[in-house]
Amino acid sequence: MAVELSTSINIKEPRWDQSTFMGRAKHFFTVTDPRNILLSNEQLENAHKIITDYRKGVVSPGLSEDELWRAKYIFDSAFHPDTGEKMILIGRMSAQVPMNMTITGCMMTFYKTTPAVVLWQWINQSFNAIVNYTNRSGDAPITVSQLGTAYVSATTGAVATALGLNALTKHVSPLFGRFVPFAAVAAANCINIPLMRQRELKHGIPITDENDNRLGESTKAAQQAISQVVVSRILMASPGMAIPPFLMNHLEKKAFLKKFPWMSAPIQVGLVGFCLVFATPLCCALFPQKSSMSVSRLEPELQDKIRAAHPGVERVYFNKGL
(Lines give C-alpha, C1' and ligand atoms only; values in the text may rest on other atoms or scores of the structure.)
Protein backbone atom coordinates (compact mmCIF):
# COMPACT_ATOMS: atom_id res chain seq x y z
CA MET A 1 0.00 0.00 0.00
CA ALA A 2 1.37 3.43 -0.96
CA VAL A 3 2.14 5.76 1.93
CA GLU A 4 0.20 9.01 1.75
CA LEU A 5 2.36 12.09 1.29
CA SER A 6 2.94 14.18 4.42
CA THR A 7 1.21 17.58 4.57
CA SER A 8 4.18 19.14 6.42
CA ILE A 9 6.28 19.96 3.32
CA ASN A 10 6.78 23.73 3.14
CA ILE A 11 5.78 24.61 -0.41
CA LYS A 12 5.57 28.31 0.41
CA GLU A 13 9.33 28.34 -0.08
CA PRO A 14 11.39 27.01 -3.04
CA ARG A 15 12.65 23.43 -2.92
CA TRP A 16 16.28 24.50 -2.59
CA ASP A 17 18.00 26.62 0.07
CA GLN A 18 17.55 30.25 -1.02
CA SER A 19 20.27 31.55 1.29
CA THR A 20 22.87 30.19 -1.15
CA PHE A 21 23.52 31.20 -4.77
CA MET A 22 23.47 27.55 -5.92
CA GLY A 23 20.11 26.96 -4.27
CA ARG A 24 18.67 30.04 -5.95
CA ALA A 25 20.22 29.04 -9.30
CA LYS A 26 18.55 25.59 -9.16
CA HIS A 27 15.27 27.30 -8.31
CA PHE A 28 15.45 29.74 -11.22
CA PHE A 29 16.61 27.15 -13.75
CA THR A 30 13.26 25.51 -12.97
CA VAL A 31 11.25 28.77 -12.93
CA THR A 32 12.68 29.99 -16.27
CA ASP A 33 12.45 26.61 -18.03
CA PRO A 34 11.10 27.54 -21.51
CA ARG A 35 9.20 24.24 -21.70
CA ASN A 36 6.71 25.66 -19.17
CA ILE A 37 5.18 27.95 -21.80
CA LEU A 38 4.10 24.85 -23.75
CA LEU A 39 1.94 23.60 -20.89
CA SER A 40 -1.79 23.47 -21.60
CA ASN A 41 -4.44 25.24 -19.52
CA GLU A 42 -5.52 21.82 -18.27
CA GLN A 43 -2.01 21.11 -16.95
CA LEU A 44 -1.84 24.55 -15.32
CA GLU A 45 -5.25 24.14 -13.68
CA ASN A 46 -4.30 20.66 -12.47
CA ALA A 47 -1.14 22.06 -10.84
CA HIS A 48 -3.22 24.89 -9.36
CA LYS A 49 -5.64 22.36 -7.82
CA ILE A 50 -2.83 20.20 -6.40
CA ILE A 51 -1.15 23.20 -4.75
CA THR A 52 -4.38 24.83 -3.54
CA ASP A 53 -5.60 21.53 -2.04
CA TYR A 54 -2.21 20.80 -0.46
CA ARG A 55 -2.19 24.20 1.25
CA LYS A 56 -5.56 23.26 2.78
CA GLY A 57 -4.12 19.95 4.00
CA VAL A 58 -5.69 17.85 1.22
CA VAL A 59 -3.31 15.51 -0.61
CA SER A 60 -4.25 14.24 -4.06
CA PRO A 61 -4.38 10.40 -4.05
CA GLY A 62 -1.09 8.78 -5.04
CA LEU A 63 0.78 12.11 -5.14
CA SER A 64 4.55 11.77 -4.65
CA GLU A 65 6.89 14.44 -3.27
CA ASP A 66 8.54 14.93 -6.68
CA GLU A 67 5.12 15.37 -8.29
CA LEU A 68 4.18 17.90 -5.62
CA TRP A 69 7.28 19.96 -6.31
CA ARG A 70 6.73 19.69 -10.06
CA ALA A 71 3.18 21.00 -9.55
CA LYS A 72 4.52 23.83 -7.38
CA TYR A 73 6.94 24.98 -10.09
CA ILE A 74 4.27 24.76 -12.78
CA PHE A 75 2.00 26.77 -10.47
CA ASP A 76 4.73 29.35 -9.75
CA SER A 77 5.57 29.67 -13.46
CA ALA A 78 2.03 30.75 -14.36
CA PHE A 79 0.41 32.38 -11.32
CA HIS A 80 1.49 35.63 -9.64
CA PRO A 81 2.85 35.05 -6.10
CA ASP A 82 1.00 38.01 -4.59
CA THR A 83 -2.24 38.31 -6.56
CA GLY A 84 -2.72 34.65 -7.49
CA GLU A 85 -3.77 35.72 -11.00
CA LYS A 86 -2.73 33.73 -14.06
CA MET A 87 0.04 35.76 -15.67
CA ILE A 88 0.16 36.91 -19.30
CA LEU A 89 1.90 34.17 -21.28
CA ILE A 90 4.72 36.27 -22.78
CA GLY A 91 5.22 38.03 -19.44
CA ARG A 92 6.08 34.83 -17.59
CA MET A 93 9.72 34.14 -16.73
CA SER A 94 9.54 30.88 -18.71
CA ALA A 95 9.01 33.00 -21.86
CA GLN A 96 12.13 35.09 -21.23
CA VAL A 97 14.58 32.96 -23.24
CA PRO A 98 12.54 32.41 -26.45
CA MET A 99 11.21 35.98 -26.50
CA ASN A 100 14.48 37.69 -25.61
CA MET A 101 16.60 35.61 -27.97
CA THR A 102 14.36 36.56 -30.90
CA ILE A 103 14.07 40.25 -30.06
CA THR A 104 17.71 40.72 -28.99
CA GLY A 105 19.06 38.79 -31.98
CA CYS A 106 17.06 40.98 -34.35
CA MET A 107 18.04 44.16 -32.50
CA MET A 108 21.70 43.26 -32.92
CA THR A 109 21.32 42.29 -36.58
CA PHE A 110 19.26 45.29 -37.69
CA TYR A 111 20.86 48.14 -35.75
CA LYS A 112 22.27 50.29 -38.55
CA THR A 113 19.22 52.16 -39.88
CA THR A 114 16.98 54.54 -37.93
CA PRO A 115 13.68 52.75 -38.81
CA ALA A 116 15.16 49.41 -37.71
CA VAL A 117 16.45 50.89 -34.44
CA VAL A 118 13.04 52.44 -33.69
CA LEU A 119 11.12 49.27 -34.58
CA TRP A 120 13.20 46.81 -32.58
CA GLN A 121 13.72 49.08 -29.57
CA TRP A 122 9.95 49.70 -29.51
CA ILE A 123 9.26 45.95 -29.71
CA ASN A 124 11.86 45.26 -27.00
CA GLN A 125 10.55 47.91 -24.62
CA SER A 126 6.95 46.87 -25.24
CA PHE A 127 7.93 43.33 -24.29
CA ASN A 128 9.85 44.60 -21.24
CA ALA A 129 6.83 46.63 -20.17
CA ILE A 130 4.67 43.49 -20.24
CA VAL A 131 7.30 41.53 -18.27
CA ASN A 132 7.75 44.30 -15.69
CA TYR A 133 3.99 44.63 -15.18
CA THR A 134 3.44 40.86 -15.05
CA ASN A 135 6.22 40.32 -12.49
CA ARG A 136 5.57 43.38 -10.35
CA SER A 137 5.73 43.08 -6.58
CA GLY A 138 2.62 43.51 -4.43
CA ASP A 139 -1.08 42.93 -4.87
CA ALA A 140 -2.39 46.48 -5.38
CA PRO A 141 -3.94 47.11 -8.82
CA ILE A 142 -2.47 49.60 -11.31
CA THR A 143 -4.90 51.72 -13.32
CA VAL A 144 -5.02 51.76 -17.12
CA SER A 145 -4.02 55.44 -17.03
CA GLN A 146 -0.96 54.75 -14.86
CA LEU A 147 0.00 51.79 -17.02
CA GLY A 148 -0.37 53.78 -20.26
CA THR A 149 1.64 56.74 -18.97
CA ALA A 150 4.44 54.47 -17.73
CA TYR A 151 4.53 52.51 -20.99
CA VAL A 152 4.68 55.59 -23.24
CA SER A 153 7.35 57.25 -21.07
CA ALA A 154 9.50 54.14 -20.85
CA THR A 155 9.27 53.28 -24.55
CA THR A 156 9.95 56.88 -25.66
CA GLY A 157 12.95 57.08 -23.35
CA ALA A 158 14.34 53.78 -24.60
CA VAL A 159 13.98 54.64 -28.29
CA ALA A 160 15.52 58.09 -27.75
CA THR A 161 18.46 56.50 -25.92
CA ALA A 162 19.05 54.04 -28.74
CA LEU A 163 18.88 56.70 -31.45
CA GLY A 164 21.16 59.03 -29.51
CA LEU A 165 23.79 56.35 -29.01
CA ASN A 166 23.50 55.23 -32.62
CA ALA A 167 24.18 58.80 -33.79
CA LEU A 168 27.35 58.91 -31.69
CA THR A 169 28.79 55.80 -33.37
CA LYS A 170 28.66 57.00 -36.99
CA HIS A 171 32.39 57.55 -37.11
CA VAL A 172 33.68 54.65 -35.02
CA SER A 173 34.49 51.05 -35.90
CA PRO A 174 31.65 48.68 -36.92
CA LEU A 175 32.50 46.45 -33.93
CA PHE A 176 31.86 49.31 -31.51
CA GLY A 177 28.57 50.01 -33.26
CA ARG A 178 27.44 46.45 -32.54
CA PHE A 179 27.42 47.27 -28.82
CA VAL A 180 24.93 50.14 -29.22
CA PRO A 181 21.90 47.84 -28.68
CA PHE A 182 23.37 46.61 -25.38
CA ALA A 183 24.08 50.15 -24.16
CA ALA A 184 20.55 51.16 -25.15
CA VAL A 185 19.00 48.16 -23.41
CA ALA A 186 21.00 48.82 -20.22
CA ALA A 187 19.98 52.47 -20.18
CA ALA A 188 16.38 51.62 -21.04
CA ASN A 189 16.12 49.14 -18.16
CA CYS A 190 16.99 51.98 -15.80
CA ILE A 191 14.03 53.90 -17.27
CA ASN A 192 11.51 51.16 -17.99
CA ILE A 193 11.50 49.17 -14.76
CA PRO A 194 11.07 52.08 -12.30
CA LEU A 195 8.40 53.67 -14.53
CA MET A 196 6.39 50.47 -14.95
CA ARG A 197 6.60 49.91 -11.18
CA GLN A 198 6.16 53.55 -10.16
CA ARG A 199 3.11 52.76 -8.05
CA GLU A 200 5.33 50.68 -5.76
CA LEU A 201 7.77 53.59 -5.40
CA LYS A 202 4.90 55.95 -4.49
CA HIS A 203 2.82 53.72 -2.23
CA GLY A 204 5.20 50.93 -1.18
CA ILE A 205 5.09 47.14 -1.39
CA PRO A 206 3.82 44.67 1.22
CA ILE A 207 6.34 43.72 3.91
CA THR A 208 6.00 40.79 6.32
CA ASP A 209 7.77 39.20 9.24
CA GLU A 210 9.51 35.83 8.83
CA ASN A 211 6.18 34.06 9.37
CA ASP A 212 4.48 35.95 6.50
CA ASN A 213 2.42 38.17 8.80
CA ARG A 214 1.81 41.42 6.93
CA LEU A 215 3.26 44.48 8.69
CA GLY A 216 2.47 47.25 6.21
CA GLU A 217 3.72 48.75 2.93
CA SER A 218 7.17 50.26 2.45
CA THR A 219 8.58 52.53 -0.26
CA LYS A 220 12.12 51.85 1.03
CA ALA A 221 11.56 48.13 0.38
CA ALA A 222 10.26 49.00 -3.10
CA GLN A 223 13.40 51.01 -3.84
CA GLN A 224 15.62 48.08 -2.85
CA ALA A 225 13.49 45.59 -4.77
CA ILE A 226 13.47 47.62 -7.99
CA SER A 227 17.21 48.39 -7.77
CA GLN A 228 17.98 44.68 -7.49
CA VAL A 229 15.75 43.89 -10.47
CA VAL A 230 17.43 46.59 -12.61
CA VAL A 231 20.89 45.17 -11.83
CA SER A 232 19.73 41.60 -12.56
CA ARG A 233 18.12 42.58 -15.88
CA ILE A 234 21.19 44.48 -17.12
CA LEU A 235 23.52 41.61 -16.21
CA MET A 236 21.04 39.14 -17.71
CA ALA A 237 21.33 40.90 -21.05
CA SER A 238 25.13 41.24 -20.88
CA PRO A 239 26.37 37.84 -22.15
CA GLY A 240 23.84 37.63 -24.98
CA MET A 241 24.61 41.15 -26.15
CA ALA A 242 28.36 41.27 -25.43
CA ILE A 243 29.65 37.89 -26.69
CA PRO A 244 27.80 37.49 -30.06
CA PRO A 245 29.10 40.82 -31.50
CA PHE A 246 32.69 39.54 -31.38
CA LEU A 247 31.70 36.21 -32.93
CA MET A 248 29.52 37.80 -35.61
CA ASN A 249 32.21 40.35 -36.46
CA HIS A 250 34.54 37.41 -37.10
CA LEU A 251 31.99 35.22 -38.92
CA GLU A 252 30.86 37.95 -41.30
CA LYS A 253 34.39 38.11 -42.72
CA LYS A 254 34.18 34.44 -43.67
CA ALA A 255 33.07 33.10 -47.03
CA PHE A 256 29.94 31.39 -45.65
CA LEU A 257 28.14 34.54 -44.49
CA LYS A 258 29.35 36.49 -47.51
CA LYS A 259 27.67 33.85 -49.66
CA PHE A 260 24.59 33.50 -47.44
CA PRO A 261 24.13 36.91 -45.71
CA TRP A 262 20.52 36.03 -44.79
CA MET A 263 21.94 33.50 -42.28
CA SER A 264 23.30 36.33 -40.14
CA ALA A 265 20.03 36.89 -38.23
CA PRO A 266 19.27 33.22 -37.37
CA ILE A 267 22.90 32.62 -36.32
CA GLN A 268 22.83 35.70 -34.09
CA VAL A 269 19.46 34.69 -32.60
CA GLY A 270 20.86 31.22 -31.85
CA LEU A 271 23.98 32.63 -30.18
CA VAL A 272 21.90 34.99 -28.04
CA GLY A 273 19.56 32.14 -27.10
CA PHE A 274 22.45 29.94 -25.98
CA CYS A 275 23.74 32.73 -23.73
CA LEU A 276 20.29 33.50 -22.31
CA VAL A 277 19.57 29.88 -21.36
CA PHE A 278 22.26 30.27 -18.69
CA ALA A 279 22.29 34.02 -18.06
CA THR A 280 18.55 34.30 -17.30
CA PRO A 281 18.38 31.93 -14.30
CA LEU A 282 21.88 32.76 -13.02
CA CYS A 283 21.19 36.52 -12.98
CA CYS A 284 17.74 36.03 -11.44
CA ALA A 285 19.58 34.11 -8.71
CA LEU A 286 21.86 37.02 -7.79
CA PHE A 287 19.35 38.24 -5.19
CA PRO A 288 16.83 36.19 -3.17
CA GLN A 289 13.26 36.37 -4.51
CA LYS A 290 12.10 36.83 -0.93
CA SER A 291 14.28 39.80 -0.19
CA SER A 292 14.77 41.33 3.25
CA MET A 293 16.00 44.44 5.02
CA SER A 294 16.51 45.65 8.55
CA VAL A 295 13.61 47.41 10.27
CA SER A 296 16.02 50.30 10.95
CA ARG A 297 16.20 51.02 7.18
CA LEU A 298 12.44 51.47 6.79
CA GLU A 299 10.57 54.77 6.84
CA PRO A 300 10.65 56.27 10.40
CA GLU A 301 6.86 56.13 10.84
CA LEU A 302 6.78 52.49 9.72
CA GLN A 303 9.64 51.64 12.09
CA ASP A 304 7.65 53.14 14.98
CA LYS A 305 4.50 51.23 13.98
CA ILE A 306 6.34 47.88 13.76
CA ARG A 307 8.27 48.36 17.00
CA ALA A 308 5.07 49.26 18.83
CA ALA A 309 3.02 46.33 17.52
CA HIS A 310 5.81 43.77 16.98
CA PRO A 311 8.74 44.62 19.30
CA GLY A 312 10.66 41.43 18.51
CA VAL A 313 10.84 41.95 14.73
CA GLU A 314 14.29 43.04 13.50
CA ARG A 315 14.01 42.19 9.79
CA VAL A 316 11.17 42.44 7.29
CA TYR A 317 10.65 40.43 4.11
CA PHE A 318 9.11 41.19 0.71
CA ASN A 319 8.77 39.82 -2.79
CA LYS A 320 11.23 41.83 -4.91
CA GLY A 321 9.54 40.90 -8.20
CA LEU A 322 11.46 39.76 -11.26
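Residues are numbered from 1 along each chain as its sequence is written, and side-chain values use heavy atoms, without hydrogens or water. Because the model is predicted, local features need pLDDT of at least 70 and side-chain atom pairs count only at pLDDT 80 or more, whereas totals for chains, interfaces and linings use all residues.

**View A. The aromatic pair of Trp16 and Tyr73 is tilted.** Rings of Phe, Tyr and Trp (its six-membered ring) pair if their centres lie within 6.5 Å, with planes under 30 degrees apart counted as stacked, over 60 as edge-to-face and the rest as tilted; the count by this rule is 3 aromatic pairs. For Trp16 and Tyr73 the values are 5.8 Å centre to centre and 35 degrees between the planes. Trp16 lies in the segment before helix H1 (21–31) and Tyr73 in helix H3 (residues 65–78), so the pair ties together parts that are 57 residues apart in sequence; helices are DSSP runs (H or I, at least four residues), numbered from the N terminus. Tyr73 is buried at 3% relative accessible area, while Trp16 is partly exposed at 27% (buried means under 20%, exposed over 50%, partly exposed in between, with a 1.4 Å probe and protein chains only).

**View B. Phe75 and Phe79 form a stacked pair.** Their ring centres are 5.1 Å apart and their planes meet at 25 degrees, and both residues are buried.

**View C. The charged end of Lys290 sits over the ring of Tyr317.** The distance to the ring centre is 5.4 Å, where the criterion is NZ of Lys or CZ of Arg within 6 Å of the ring centre and within 35 degrees of the ring normal.

How values were computed:
Helices (H or I, at least four residues) and strands (E, at least two) are DSSP runs, numbered from the N terminus.
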